[in-house]
Amino acid sequence: MRDDREDPLPWKIQTLRGQLVELGLAVRQLSQSGLDSATAQLLLSRKRAELEDLIRRGRADVRTAEVVRPRRG
């Protein structure tokens with residue numbers, strides 16, 4: 001099994017999740033204050049898309065590794 005130093009994907013996913021939480025809080029605070037939160041909402045949607053892409057790539061890597069794994073026999 002790889003650790004996070006060899007496979008940065010889990011680290012990137014956790015980092016993006018943390019950023020999403022922070023951005024969500026910022027959007028909420030801006031909205032509650034009556035300020036424009038459009039820029040923060042756009043960044044939030046882009047970060048969500050980036051996270052979804054990383055998760056899909058991670059799953060694809062696992063499937064590829066299963067297909068490529070040599071057969072014993």
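Predicted model: local features only at pLDDT ≥ 70, side-chain atom pairs only at ≥ 80, totals over all residues.
Just after helix α1, Gly34 takes a positive phi of about 80°. From here we can look back along the helix, then ahead into the loop.

Look back first. Helix α1 covers residues 9-32, which makes 24 residues.

Now pick out the buried side of the story. The buried residues of α1 are Leu9, Ile13, Leu16, Leu20, Leu23 and Val27. Their spacing recalls a general rule. An α-helix has 3.6 residues a turn, so residues three or four places apart point the same way.

Next, step ahead into the loop. Ser37 sits between α1 and α2, and α2 runs over 38-68. Is Ser37 buried or exposed? Ser37 has a relative accessible area of 7%. The cut-off for buried is under 20%, so Ser37 counts as buried. Beyond its neighbours within four places in sequence, Ser37 is in contact with Val27, Leu30 and Ser31. Val27 is also one of the buried residues of α1. With Ser31 there is a polar contact too: the two side chains are joined at 3.4 Å.

Finally, take the whole chain. The protein chain has two helices and zero strands. Of its 73 residues, 18% are buried. The chain exposes about 6,400 Å², and carbon and sulfur atoms supply 51% of that area. Among contacts with a separation of 6 or more, 60% come from residues 24 or more positions apart.

Technical notes:
Residues numbered from 1 in each chain as written. Heavy atoms only, no water. Helix = DSSP H or I, 4+ residues; strand = E, 2+ residues; numbered from the N terminus. Expected span 1.5 Å × (residues − 1). Buried < 20%, exposed > 50% of the residue type's maximum accessible area, 1.4 Å probe, protein only. Contact = heavy atoms within 4.5 Å. Areas by Shrake-Rupley, 256 points an atom, 1.4 Å probe, with all protein chains shown as cover. Polar contact = N/O pair within 3.5 Å; in protein donor to acceptor, adjacent residues only side chain to side chain.
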